[in-house]
Amino acid sequence: MKTFYGTALSNPLMLGTAQYPSPAILERAFRESGAAVATVSLRREAGGGQTFWQMIRDLGVRILPNTAGCHNVKEAVTTAHMAREVFDTPWIKLELIGHTDSLQPDVFQLVEAARILSEDGFQVFPYTTDDLIVGERLLAAGCKVLMPWGAPIGSGRGLNNAYALRAMRAEFPDVPLVIDAGIGLPSHAAHAMELGYDAVLLNTAVARAGDPVQMARAMALAIEAGQLAYQADPIEARDMAEPSTPVIGKAFLS
Amino acid sequence: MTVWSVIGAGVAGLAVATELVARGARVQVFDPGGPPGPHGCSWWAGGMLAPWCEYENAEEPVLSLGQDAIDWWAERTEIHRRGTLVLANSRDLPDLRRFGRRTEGFSDIQQGEIHDLEPDLSAFRSGLFFTAEAHLDPRRALQDLYRHLQAKGVTFHRKLAPARLDNAIDCRGLHARDVLHDLRGVKGEMLVIRCKDVTLTRPVRLLHPRMPLYIVPRGDGVYMLGATMIETEDSNRITARSMLELLSAAYALNPAFGEAEVLEIGVDLRPAFPDNLPRIRQLGGTIYANGLYRHGYLLAPALARSVADLALENKRSELVDEDRS
């Protein structure tokens with residue numbers, strides 16, 4: 001089992017902490033899903049989210065602070081340092097937004113910020129695209145985890161390019177890979193795990209569901225199903241039927 | 001005869017005092033800030049009486065407890081029963097559908113009907129109209145309660161309440177954190193703008209992926225533009241990002257808002273419990289009523305009734321926190 005900078009996760013679900021109807025519902029979503037990691041944003045809450053941050057600490061799971069809302073290297077590095085102080089963790093989900101409408105990562109600045117932070121002792125979880133070369137550069141910059149998007153943040157569109165994500169899995173067989181962003185349904189999360197991904201990070205799909213607690217549980221079940229399926233070595237798809245009963249005695253059609 | 005001491009003259013304290021007086025109790029009020037003003041977070045509220053809209057992202061009590069608020073306020077201040085209009089930019093139409101699925105009490109309306117309701121918003125193609133909702137001017141509402149209570153002989157003490165006080169009802173909002181340790185502050189930012197070029201007659205909500213942005217007409221071309229919800233307890237200033245988002249929402253509703261004058265910037269912290277629902281607790285002989293969150297005017301009447309039920313008749317409503325009393 002792959003680890004995330006030496007930490008093995010009891011559950012491959014990483015859950016965001018934004019946009020829930022209330023902190024009480026957030027807490028129940030974590031409890032019901034067994035999510036092992038909580039991502040938390042610092043940018044907007046800077047300066048005084050103490051009570052809310054304490055609630056996140058009290059969840060008793062690993063905290064993965066993020067740099068959501070940062071648009072350049074300097075902002076991201078400053079936010080990462082603040083996160084390390086506030087949550088006393090070297091983990092940082094590095095998010096560098098390049099495009100306002102799609103929230104697509106700016107991969108050039110991402111690589112640069114990843115290098116700076118890795119050299120400074122951070123353990124970087126970069127939010128990236130499914131581009132293989134960017135993935136290579138991030139690893140060369142010191143990252144030991146990659147987090148490609150499934151689809152734009154909050155879009156709920158699932159895995160937009162399963163072909164590219166499969167290629168990424170094949171290209172980096174030993175690197176822990178997390179699908180980050182774009183998950184809308186449990187089937188999307190199961191799909192990610194069936195491709196051999198090591199974890200799924202999601203937020204909006206749970207927080208903005210009509211019943212976030214039930215959706216969190218649905219996601220956890222789907223992720224477990226997808227992971228079991230991948231480990232069980234699924235059959236290959238075929239073009240023609242493969243009879244599960246013998247055909248002897250039936251007419252042979254030429 | 002027992003004298004009840006209400007501590008705090010925000011919307012919670014004034015509503016509690018009003019309800020007690022209406023049931024014949026003798027009341028005095030303590031607030032070092034004096035009459036209603038910018039020192040209390042209810043001064044900065046939107047004043048929407050919108051239980052059906054709020055139910056979209058809140059638990060059921062907000063809907064059931066909020067529905068009587070409109071009539072409660074109508075007896076005590078001027079309210080406007082003109083409904084709420086919920087709109088989305090065409091790229092956010094899935095959010096409009098989701099909003100409709102999560103709540104009730106509205107009709108789907110199209111461009112022509114939007115035009116009939118609010119001619120200055122006729123660029124929008126579809127929306128939801130919550131017919132039974134209402135709005136009020138929160139500052140006027142606070143002042144009306146204050147004057148009514150004075151007329152009924154309630155004494156307002158412009159000072160902190162004495163430490164040992166019998167029959168005390170603590171409505172201090174976030175200041176009560178010294179006792180209510182699970183209370184937190186949720187930052188809200190708002191603007192008051194004036195724009196004579198745009199006429200809106202009812203609250204309009206513009207759906208936005210991250211926050212419910214709304215504009216509430218205050219009459220005479222003045223509008224309240226709110227409100228951010230940020231999990232931080234730093235209430236000093238509005239951020240540039242929040243200001244941009246609020247003004248962009250107004251601009252998206254009608255570009256003529258681009259010429260509006262910015263009259264006021266408001267920043268404060270809403271007192272909230274972990275489930276964002278209000279609570280009443282009895283601790284050491286004092287009744288604590290708190291946690292109105294973003295529902296000050298919507299839920300203060302229900303909170304006040306529950307406090308009066310508890311104080312005068314020893315009846316415990318669903319808002320009374322059984323575990324801690």
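The legends below describe several close-up views of a predicted model.

In this predicted model, local features need pLDDT of at least 70 and side-chain atom pairs count only at pLDDT 80 or more, whereas totals for chains, interfaces and linings use all residues. Residues are numbered from 1 along each chain as its sequence is written, chains are lettered from A and ligands numbered from 1 in the order in which they are written, and side-chain values use heavy atoms, with hydrogens and water left out.

**View 1. The interface of chain A and chain B.**
On one side 22 residues of chain A, and on the other 23 residues of chain B, are in contact, where contact means heavy atoms within 4.5 Å. The two chains bury about 1800 Å² between them, with 43% of it on carbon and sulfur atoms; buried area here is the accessible area (1.4 Å probe) that two parts lose on being put together, summed over both. Five residue pairs, both members at pLDDT 80 or more, are in polar contact across the interface, a polar contact being a pair of N or O atoms within 3.5 Å, of which, within protein, one must be able to donate a hydrogen and the other to accept it, while residues adjacent in sequence count only if both atoms are side-chain atoms. Helix 1 (23-33) and helix 2 (50-57) of chain A each supply at least two residues of the side of chain A that touches chain B, and the largest share of that side, four residues, comes from helix 2 of chain A. Helices (H or I, at least four residues) and strands (E, at least two) are DSSP runs, numbered from the N terminus. By residue kind, the side of chain A that touches chain B divides into eight nonpolar, nine polar and five charged residues; Ala, Val, Leu, Ile, Met, Phe, Trp, Tyr, Cys and Pro count as nonpolar, Asp, Glu, Lys and Arg as charged, and the others, Gly among them, as polar. The count of salt bridges between chain A and chain B is zero, a salt bridge being a side-chain nitrogen of Lys or Arg within 4 Å of a carboxyl oxygen of Asp or Glu.

**View 2. Helix 3 of chain A and its surroundings.**
Helix 3 of chain A (residues 73-87) has 15 residues and reaches 21 Å from its first C-alpha to its last, close to the 21 Å expected at 1.5 Å a residue, the expected span being 1.5 Å times one less than the number of residues. Among the buried residues of helix 3 of chain A are Val73(A), Ala76(A), Ala80(A) and Phe87(A), where buried means under 20% relative accessible area, exposed over 50%, and partly exposed in between (1.4 Å probe, protein chains only). The buried residues of this helix pack against several elements of chain A, including strand 2 (37-41), strand 3 (62-66) and helix 4 (107-119). At the start of helix 3 of chain A, a side-chain oxygen of Asn72(A) reaches to within 3.2 Å of the backbone nitrogen of Lys74(A), and just after the helix Asp88(A) takes a positive phi of about 55 degrees.

**View 3. Asp198(A) and its two salt-bridge partners.**
The side chains of Lys2(A) and Asp198(A) meet in a salt bridge (3.1 Å, N to O), a pair that links distant parts of the chain, 196 residues apart, with Lys2(A) in the segment before strand 1 (13-16) of chain A and Asp198(A) in the loop between helix 7 (186-194) and strand 8 (199-202) of chain A. Lys2(A) is partly exposed, with a relative accessible area of 26%, whereas Asp198(A) is buried at 16%. Asp198(A) also forms a salt bridge with Arg169(A), the closest N and O atoms being 2.8 Å apart. Because Arg169(A) lies in helix 6 of chain A, this pair ties together parts that are 29 residues apart in sequence.

**View 4. The loop residue Asp174(A).**
Asp174(A) lies in the loop between helix 6 (162-171) and strand 7 (178-180) of chain A and is exposed, with a relative accessible area of 67%. Leaving aside neighbours within four places in sequence, Asp174(A) is in contact with Lys2(A) and Arg169(A).

**View 5. A buried salt bridge in chain B.**
The side chains of Arg205(B) and Glu54(B) meet in a salt bridge (2.8 Å, N to O). Arg205(B) lies in strand 12 (residues 204-206) of chain B and Glu54(B) in helix 2 (residues 51-54) of chain B, so the pair ties together parts that are 151 residues apart in sequence. Arg205(B) counts as buried at 3% relative accessibility, and Glu54(B) counts as buried at 9%.
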